[in-house]
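Morning, everyone. Please have a look at it first.

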Amino acid sequence: MCDAIQESFQVGLDFVLVSLNHEKLSTGVGPPHTSISSDLDLQAQSWTSQVVGVASDAPDDASSGDQGVASAARVLEKELGWATYLGLQAVVLPSVAGLSDAITPVVAQSVSQALGSKTFLQMWVQVPVASGASDHESYYRRWHTIR
């Protein structure tokens, strides 16, 4: 995987997306999506300027009560902590289309805490183009909550 990332930089890509779901985090959100085994796999300059992290989607049980919401919060906090440790420039948050009304404030709180203590990290929010007015309003409301 790291060789593929290095090759991407050599062919002129500005940045690559790498999943933050890492086996060392023990998030419990499915199998790890990245084969990066260590922060030493890339040079520090690559981590800080050419790699963007991708946060995991909320676990399936996130909308099923307080325990699921707390679990989703722990996953996101661990992944944002990992991104900060790596010195990443940005993290792509889960799409607002996949967030429930119960989990959106949790994402907003995690983002607020991360930005409050790690001011260099950017958060990129995915907002799909909505086909209907109700979808558009729902997506806008979730994005606005996170903002």
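Where do Trp-82 and Tyr-85 both lie? Keep that in mind for a moment. This is a predicted model.

The overall layout comes first. The protein has five helices and four strands. From the N terminus, the order is α-β-α-β-α-β-α-β-α. There are 147 residues, and 42% of them are buried. Take the contacts between residues at least 6 apart in sequence: 74% of these join residues at least 24 apart. The accessible surface is about 8,100 Å², with 50% of that on carbon and sulfur atoms.

Now the rings. The count is three aromatic pairs. I'll show two of them, including Phe-15 with Trp-124, which is edge-to-face. Their centres are 5.6 Å apart, and the planes make an angle of 70°. Phe-15 sits in the loop between helix H1 and strand E1, while Trp-124 is in strand E4, so this pair ties together parts 109 residues apart in sequence. Phe-15 is partly exposed, at 37% relative accessibility. Trp-124 is partly exposed too, at 29%.

Next, Trp-82 and Tyr-85. This pair is stacked: 5.8 Å centre to centre, 20° between the planes. Back to my opening question. Both residues lie in helix H3, residues 66-86. They are three residues apart, about one turn of the helix.

Buried or exposed: which is Trp-82? Its relative accessibility is 11%, under the 20% cut-off, so Trp-82 counts as buried. Tyr-85 comes out at 54%, over the 50% cut-off, so Tyr-85 is exposed.

That's my part. Over to you.

Terms used:
Residues numbered from 1 in each chain as written. Predicted model: local features only at pLDDT ≥ 70, side-chain atom pairs only at ≥ 80, totals over all residues. Heavy atoms only, no water. Helix = DSSP H or I, 4+ residues; strand = E, 2+ residues; numbered from the N terminus. Buried < 20%, exposed > 50% of the residue type's maximum accessible area, 1.4 Å probe, protein only. Contact = heavy atoms within 4.5 Å. Areas by Shrake-Rupley, 256 points an atom, 1.4 Å probe, with all protein chains shown as cover. Phe/Tyr/Trp six-rings, centres within 6.5 Å; stacked < 30°, edge-to-face > 60°.
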